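This report describes selected features of the structure shown below, with the cut-offs stated alongside the terms.

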Amino acid sequence: MNWKLKAKIQNLISLLPSELSYELYYQVQRRIGNLRAFKPLVGLTSGVETWKRLKQNGFRPLGATFFEIGTGRVPLTALAYWLMGADKIVTVDKNPYLKQELLLDSLRYIRDNQEEIKLIFNGALLEERFSILLSFSSSSGWNMVDFLNQCQIVYNAPGDAARTALLDNSVDFVTSYWVFEHIPGPVLGKIIIESNRILSETGASIHNIDYRDHFIHADPDISSINFLQYSDKEWERFAGNRYMYMNRLRHDDYIDLIRSNGQKIVSEELIIDPEIDSVLNSNDFVLDSRFSEKNREILSAGGAW
């Protein structure tokens with residue numbers, strides 16, 4: 001689908017009253033969008049990758065309390081944390097996206113593809129908890145509340161990650177995966193400050209941020225930095241709605257934001273997209289002035305941990 005057409009559809013749906021808007025957008029995604037054949041693999045993998053990087057940096061996620069920013073349609077990252085031994089997961093989302101229909105699809109997929117799921121976890125899966133999940137998914141009459149209680153997941157949506165109401169020093173890890181890019185910079189600053197308050201003395205924040213233009217998932221004819229051609233005012237017209245807002249912050253902006261709000265970075269991994277170089281060298285591609293002074297490495301980043 002042409003990205004500008006998708007933008008128009010999203011903008012129109014976002015104008016509807018919230019409850020109707022959310023349901024209509026879900027039905028569109030379910031019928032012609034990326035939810036047509038929903039699988040839990042990406043969500044579970046995000047949890048496994050986050051867990052792995054925590055351990056690589058000397059942290060102990062086993063038995064920990066997690067605070068996840070951005071639940072999404074199914075709490076799969078939170079589920080992965082529980083399956084690997086987290087004690088409790090609090091997950092918050094600005095938008096009430098959670099869908100039991102998709103959770104049911106996910107649990108069926110897990111039950112029918114157990115060996116594939118075990119490969120994703122690469123030895124980190126707790127067999128006892130996996131057996132509990134399989135038994136739960138085979139029972140009848142369960143609902144979303146039963147699932148959340150079983151997996152020690154506290155879900156809050158619509159919620160505010162900048163005002164959590166959690167106790168000081170009550171969380172071991174604050175995590176997000178492909179979420180920060182959808183939050184305005186000033187709000188991110190408040191979220192980081194709140195993270196500082198709720199994190200324990202030995203805790204840490206870990207985030208995977210996607211720097212690409214998310215319209216590439218619908219339109220293969222555009223580059224992953226397509227959106228860097230437009231001014232803020234122009235881009236607001238395309239993606240200023242609740243479903244596709246992108247702050248377009250680059251890696252250096254996030255580094256400044258994190259440090260200026262009181263966090264120390266102990267590890268970072270910049271993910272370079274080799275295809276971006278050819279786009280930047282093209283005479284047809286002109287960066288907006290907001291990005292034109294940034295160096296080539298920053299502009300070539302497709303994401304980062």
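## Helix H4 and what follows

Just after H4, Gly-85 takes a positive phi of about 120°; helices (H or I, at least four residues) and strands (E, at least two) are DSSP runs, numbered from the N terminus. Helix H4 spans residues 76-84, and because nine of its nine residues are buried, it is largely enclosed by the rest of the structure. Among them are Leu-76, Tyr-81, Trp-82 and Met-84, where buried means under 20% relative accessible area, exposed over 50% and partly exposed in between (1.4 Å probe, protein chains only).

## Basis of the model

This is a predicted model, in which local features need pLDDT of at least 70 and side-chain atom pairs count only at pLDDT 80 or more, while totals for chains, interfaces and linings use all residues. Residues are numbered from 1 along each chain as its sequence is written, and side-chain values use heavy atoms, with hydrogens and water left out.

## The sheet

Seven strands form an open sheet of mixed pairing, in the order E3-E2-E1-E4-E5-E7-E6, two strands being paired if DSSP finds at least two bridges between them. Its edge strands, E3 (153-156) and E6 (270-272), each pair on one side only. Strand E2 (residues 88-92) runs parallel to E3 and is joined to it by four bridges; the partner of Val-90 in E3 is Val-154.

Met-1 lies in the segment before helix H1 (3-14), and it counts as partly exposed because its relative accessibility is 45%.
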